[in-house]
Amino acid sequence: MKRFHVPGISSSKLATALSLAIVAAACSAPAPPGAKDYAAKVAQDRSAKDAMLEAGDDPVPKARHAEFLPLAYFPIDPDYDVPAVLKPTDDRTVIEIPTSTGTQRKMRRVGTLEFSLKGQPLKLTAFVEADARTLDRLFVPFNDLTSGTETYPGGRYMDLDRTATGIYDVDFNRAYHPYCYYNATYECPYPPPENRLKVPIRAGERLKRRNVELGTENSELKR
């Protein structure tokens, strides 16, 4: 059975379980002081996600828990959490984006996120599903120079809540692999050429060391 990794929306069971796990962790752990707050919160959310995935069979099948869990990440680096300005587009053209199952996903552009990362100006296009009724949740798929060697060759994702100001928090420490990396029954859109960054993004989810060879073998997906 083919299932969709819906951009910007986790499955209801996954989202609910993760939310409850994060709340429980937050209630049981004292808040770290000062500058450590950010790293501690990211680490806490990662631990909560691992716990939720360990407890279930989706999207990581139980038979593959030992292979994928706990999830692997680059070290938390606050320099990869940057502000971005969304430049909206009036273009409502529906585009077709290739997916992991060989089908096409219909999407449309919301605008371009412009930001500076480690002194270099970059930009990424934000999308929504073609039939989305609102623009409350933006989908940002991307490839970078780690794709296929250190991270999944089919790219990584970020989900952003729409803001009234047009200013967004682009946090690559929260970039994650699509569900099709763990479970081939999911259909996941690949990042379009405009979202293929020409820099390495060593933040967020990465391949486990034993899976790096597999990622290298499939590196053609990032092209």
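Modeller: Two strands pair if DSSP finds at least two bridges between them; helices (H or I, at least four residues) and strands (E, at least two) are DSSP runs, numbered from the N terminus. The model is predicted: local features need pLDDT of at least 70 and side-chain atom pairs count only at pLDDT 80 or more, while totals for chains, interfaces and linings use all residues. Residues are numbered from 1 along each chain as its sequence is written, and side-chain values use heavy atoms, with hydrogens and water left out.

Biologist: What makes β4 and β5 a pair?

Modeller: DSSP has to find at least two bridges, and β4 and β5 have five, in the antiparallel sense. Within this pairing, E96 stands opposite K106 in β5. The hairpin of β4 and β5 has five residues between the strands, and G102 takes a positive phi near 90° there.

Biologist: Which residues of β4 lie on the covered face, and which on the uncovered one?

Modeller: In strand β4 (residues 94–98), I95 and I97 form the covered face, whereas V94, E96 and P98 form the uncovered one. In a regular strand the side chains alternate between the two faces of the sheet.

Biologist: How many aromatic pairs are there, and by what rule do rings pair?

Modeller: Rings of Phe, Tyr and Trp (its six-membered ring) pair if their centres lie within 6.5 Å; planes under 30 degrees apart count as stacked, over 60 as edge-to-face and the rest as tilted. By this rule there are nine aromatic pairs.

Biologist: Why is the pair of F142 and F172 called edge-to-face?

Modeller: The ring centres of F142 and F172 are 5.3 Å apart and their planes stand at 85°, so the pair is edge-to-face. This pair links distant parts of the chain, 30 residues apart: F142 is in strand β7 (residues 137–142) and F172 in the loop between β9 (167–171) and β10 (186–187). Both F142 and F172 are buried.

Biologist: What kind of pair do Y152 and Y181 form?

Modeller: The pair of Y152 and Y181 is tilted, with 5.4 Å centre to centre and 45° between the planes. Ring pairs also link Y152 and Y181 with F68 and Y182 into a cluster.

Biologist: Why do Y152 and Y181 count as buried, and how does P200 count?

Modeller: Buried means under 20% relative accessible area, exposed over 50%, and partly exposed in between (1.4 Å probe, protein chains only). Y152 has 10% relative accessibility and therefore counts as buried; Y181, at 9%, also counts as buried. P200 has 31% and therefore counts as partly exposed.

Biologist: Which residues does P200 contact, beyond its neighbours within four places in sequence?

Modeller: Contact means heavy atoms within 4.5 Å, and P200 is in contact with Y80, D144, L145 and T146 when those neighbours are left aside. P200 and D144 are 56 residues apart in sequence, yet 5.4 Å apart in space, C-alpha to C-alpha.

Biologist: What makes a set of residues a nonpolar core, and how many residues has the largest one?

Modeller: A nonpolar core is a set of buried Ala, Val, Leu, Ile, Met, Phe, Trp, Tyr and Cys residues joined through side-chain atoms within 4.5 Å. The largest has 25 residues, and those with the most contacts inside it are L113, F172 and I201. Apart from it lies another core of 23 residues, including M52, F139, C180 and L207.
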